[in-house]
Structure formats: C-alpha cells, structure tokens
Amino acid sequence: MSTQHHPSLEVLEEYAAGGLAEPIALALAVHLSSCAACQATVERLETIGGVVLDDVAPAMLDTEAALDRALESLDQPTTPRVAAPPRGALPTALTQRMPSELADLPWRRIARGVAEFPLDTNEAGYRAKLLRIQPGAEVPFHTHRGEEYTVVLSGAFHDAEDLYAQGDFTVADPTVRHRPVATEGDVCFCLAVTDAPLKLLGPLGRLIDPFLQLRARA
Amino acid sequence: MTQAMTIERQGRKTFVMHPKSLTGMRRTMDEDEADISALIVRIAQNRDRTAFATLFRHFAPRIKGFGIKSSRDPAMAEELVQETMLAVWRAAPTYDPGRASATTWIFTICRNKRIDLFRRRNRPEADPPQEDDWVMAPTQEAEAELSASFRRTRAVMKELPAEQVQVLTMSFLEDKSHGAIAAETGLPLGTVKSRIRLALATLRQRLEQ
C-alpha cells in the first residue's frame, strides 16, 4: 500500500533547511524513509540551500592555515561508526534512538490495549514516543494543546476522518479532537511527537489529565 | 579594510579576502557547478589532494560565513569548516552527480554538520529510497538538468519579493524553524508559512516552465 498522507510542503521545507526541532525531524525522517515522492521534493528544496550557501557573504578566514589543518586530518583513521543493529524494517533514524527491538522495549500501559515507550529526545518542550496499539484498541479521546505529529510504523489506525497506514504522516492541532482506533488484524506501531502535552477529554481524561501534565513537565 | 589583502607567510602567498573583494569574480554558474562537480569526482576516484585544496579554497570562506549566520561564533564557524570539508573528503565516493548539483550536495553536508556540531545531536536522516522507486535518468543528462535547475533557482530567488526572500533565507541560513522566524520577526506564524508557501509555489512554477 502506498502512502496516502504526506507532510505539508512547508514542513518539508523546514526539514530541507535544517531548522526543525530534532523530534519533528525524526518524524519526517521516518516518513521520508518510505516515501520516495517526498524525498524527491526535499532534494529539490535543498537546491535553495545550495544557492544560499553559494551566495552567503564569505567570512574572513586564513584559508591556507585552515587548509593545512584540514589536510593533516584527512589521513586520520575514522572512528568506526557503530552501526545500529537491524531492527526489522524500521528506518535507521529511529533504530539509532531505540535501546532494543520493538518487542523488547519496556512498554508502559496507558490504556486498555495501548502502551507507550518514550524516546530520549533532549529537546525542551517536545516529547517523542512510540505507541503500540493492539488490533481494535483505542487511544483515549483527546485533543491537543500544541501540535501532534504521528507516523505509522506498521499496521494501521483510523479516526472518524480517515485511515492511516504504514508510512502515513499526519499532524493534529488544537482544532482536532479524535479517538484513534487500530484496525483489526495487526498490532499498530506509531511514532508520535508532541510539542505540548495532550489534553484528554471525557470524565476519565479529566481525572488523569493533571497527572499527565505533571509528568510532561518533569 | 575593504580590499583584498595579501599576506606573506612562510614564503607562500596567503589570501585573506574581504567579502566585497569577491563580487565581480564570479563566473557563470554552469562553469562553477561543472568544475565543482569534477573536483568532487577527482577526490572520490583518486583521493586527489590538489582537487581537495581547490574545493576547500572555494568553499571554506562561504561555510564560515554560513556558520557565523547561525552560531554568531567565528570559532564554531571555523570548526564547521573543518568538519564539513573533512566529511566532503570522506563522503565523496557517495556523491552522485545525477542526484544533486555539486553545491547543493555540499550544502546538505554543511547543514547536517551544523546540526551535529551546534546542537550536539545527530540529525535524523532518512534512509535512501529503494532503487526501483526511482526512475534513473542517464547521469550526464541528469547532471546538466540539475545544474540548469540550480541556475534557475538562483535567478528566480533574485526576483522574489524581499519579504519572501527574508523568510526563506532565515530558514536556510540561520537554522531557524518557522516558529523561531515568527518570534524573531514579530510576524504571525501563519504569515511566515504563507510567505514560504508563496515563494516555493513561484519557484516550482518557474522551474517547470
């Protein structure tokens, strides 16, 4: 099945330019790894960067001294890169940030049939996590204080609007209130990145919500 | 100090150029891109240090200028020069002239090194697409097309309204998200995004002509 939901052109521009916060860039890298069309768009956008680099005001530099230094380091052995162990069909950008395979992660249950594993992102204000949703299970009804970027790693989920399958990329903002449900059949794994805590709706949500906020700030 | 200075150092001439001294020295883009591409290929095939030195002299002052725009720190910007050019040396065998124009390829390395160095985190990189997802054009043809597209991108960018060039430049040059551009300029985020969108729509339209 080919990808149906893509990032907007503006987000692709931010990724090409390099200005995206790391957790969102990660969501983009995961989508691009399975979407040749968006990757081709990013490559076209990078041409703007080439022009900008060529046109930038050159800075004062003792070029020959800098060149001598560079020439000396050319022959230094490269520190062997520790290749990320293969983790199935997952993109490298993601497996580099995972301590183990999906199945072996210390998942934490957040609702019936739904578990999460927070990824280390080191970027203030953002949270990135992997979600594991059992077939037919539903993520608690929620809306968003900021934006939530979701990429489907495997399986599929749907909400009232649409169906999202492997590779699909979607952004939900405060105007979106939804209750994603994994489709029957396969377990659905997603990467979800938020730039502000989710806001749970419904009676249970209101009880849990202050706790979630505390945890997000911790 | 508005003129190019020549410094005698260890019996050899070292040029320290002021930005203004470079204007008027630029040749046509086609020549530049083809020359730069050939240098990278020589590095890839022969580990050619002379080619590397030529490439270094062309790009080092630009990369430093690029680094200063985002870090405001000349020492960090010089580190960026070293890291980028070393990565160019090492990655040259993976350079595909049919995939990206030469300067664009060096921009992507410089951008990634900027993120690695200034944020102390590796940039999340997409895996390359499966070969059969791509319609492979003959390399020479693709290279000529990329070079022409680079030249046209430059020409179209010169004609864009100043307000669009401003946001595009802040985005590519200053390592800023659209949110950060909005915060710095005082523009609403929606305005930043729509200016980016308009600029990209113009570029796409004009490049397809």
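What share of the contacts in chain A between residues at least 6 apart in sequence join residues at least 24 apart? In this predicted model, the share is 68%. Chain A has 218 residues, and 40% of them count as buried. Its secondary structure comprises six helices and eleven strands.

Six of the strands of chain A form an open sheet. Their order is β1-β2-β3-β10-β5-β8, and the pairing is antiparallel. The edges are held by β1 (108-111) and β8 of chain A, each of which pairs on one side only. On average, neighbouring strands of the sheet are turned by 30° against each other, with direction ignored.

Strand β5 of chain A spans residues 148-154. In the strand order, β5(A) stands between β10 and β8. Six of the seven residues of β5(A) are buried, and the strand is thus described as mostly covered. On one side, β5(A) pairs with β10(A), residues 188-194, in the antiparallel sense. Six bridges link these two strands. β5(A) also pairs with β8(A), residues 169-172. This pairing is again antiparallel and runs over four bridges.

Individual residues mark out both pairings. Glu148(A) stands opposite Thr194(A) in β10(A). Glu148(A) also stands opposite Ala172(A) in β8(A). Further along, Val151(A) has Phe169(A) of β8(A) as its bridge partner. As a general point, side chains in a regular strand alternate between the two faces of the sheet.

Helix α8(B) covers residues 178-185, and helix α9(B) covers residues 189-208. They pack at an angle of about 120°, and their axes are 8 Å apart. The crossing of α8(B) and α9(B) is right-handed. From α8(B), the contact draws on His178(B), Gly179(B), Ile181(B) and Ala182(B). From α9(B), Leu189(B), Val192(B), Lys193(B) and Ile196(B) take part. Five of the contact residues are nonpolar, two are polar and one is charged.

How values were computed: Residues numbered from 1 in each chain as written. Chains lettered and ligands numbered in written order. Predicted model: local features only at pLDDT ≥ 70, side-chain atom pairs only at ≥ 80, totals over all residues. Buried ≥ 20, exposed ≤ 12 C-beta atoms within 10 Å, placed from the backbone. Pairing = 2+ DSSP bridges. Contact = placed C-beta atoms within 7 Å. Axes fitted to C-alpha atoms, helices over the stretch in contact; angles between N-to-C directions. Left-handed = near helix turned anticlockwise from the far one by under 90°. Nonpolar A, V, L, I, M, F, W, Y, C, P; charged D, E, K, R; others polar.
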